[in-house]
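Open the model in your viewer and switch to a cartoon view.

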Amino acid sequence: MTFDTSKTMLLILNPMAGRRRLGLVDAVVRQVRAEGWTVDVVETAAAGDARRLAESCDVARHAVIAVAGGDGTINEVVNGLARRGDRAPALGNRAARHRQRPGP
């Protein structure tokens with residue numbers, strides 16, 4: 001099976017963060033899929049899961065890694081991606097380009 005990685009997203013979801021807004025997450029996923037994207041949703045179940053998921057995700061498959069959760073979930077994903085080191089050069093290059101953009 002081959003994937004169009006330009007339109008494949010990994011969504012790391014902490015279902016305990018913002019429980020009142022799970023309908024919003026579902027609506028966003030439906031809309032993104034309607035735009036032709038493949039969205040792989042993985043849920044966290046315990047502290048540290050988001051970091052492990054980000055660290056081990058398939059960057060050759062996913063053009064975008066998104067997070068639905070609170071500050072802790074986002075922090076874990078960022079740290080998991082940072083721990084990848086040279087195993088995720090495309091992510092590092094994108095982050096570097098983003099940091100080089102001029103501010104508002």
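Helices α2 and α3 cross in a right-handed sense in this predicted model. Select residues 49–56 for α2 and look along its axis towards α3. The two axes come within 7 Å of each other, and the crossing angle is roughly 35 degrees. Those are the two quantities by which a packed helix pair is described: the angle between the axes and the distance between them.

Now show side chains at this contact. On α2, pick Asp-49, Ala-50, Arg-51, Ala-54 and Glu-55. On α3, pick Thr-73, Glu-76, Val-77, Asn-79, Gly-80, Leu-81 and Arg-83. Colour the set by residue class: 4 are nonpolar, 3 polar and 5 charged.

Next, the sheet. In what order do the 3 strands lie? Reading across, the order is β2-β1-β3; the sheet is open and the pairing parallel. Select 38–43 for β2 and 64–68 for β3. Both are edge strands with a single partner each, so one side of each has no neighbour in the sheet.

Move to β1, residues 8–13. This strand runs parallel to β2, and 6 bridges join the two.

How values were computed: Residues are numbered from 1 along each chain as its sequence is written. This is a predicted model: local features need pLDDT of at least 70, side-chain atom pairs count only at pLDDT 80 or more; totals for chains, interfaces and linings use all residues. Side-chain values use heavy atoms; hydrogens and water are left out. Two strands pair if DSSP finds at least two bridges between them. Helices (H or I, at least four residues) and strands (E, at least two) are DSSP runs, numbered from the N terminus. Axes are lines fitted to C-alpha atoms, for helices over the stretch in contact, and angles run from 0 to 180 degrees between N-to-C directions. A crossing is left-handed if the near helix is turned anticlockwise from the far one by less than a right angle, and right-handed if clockwise. Contact means heavy atoms within 4.5 Å. Ala, Val, Leu, Ile, Met, Phe, Trp, Tyr, Cys and Pro count as nonpolar, Asp, Glu, Lys and Arg as charged, and the others, Gly among them, as polar.
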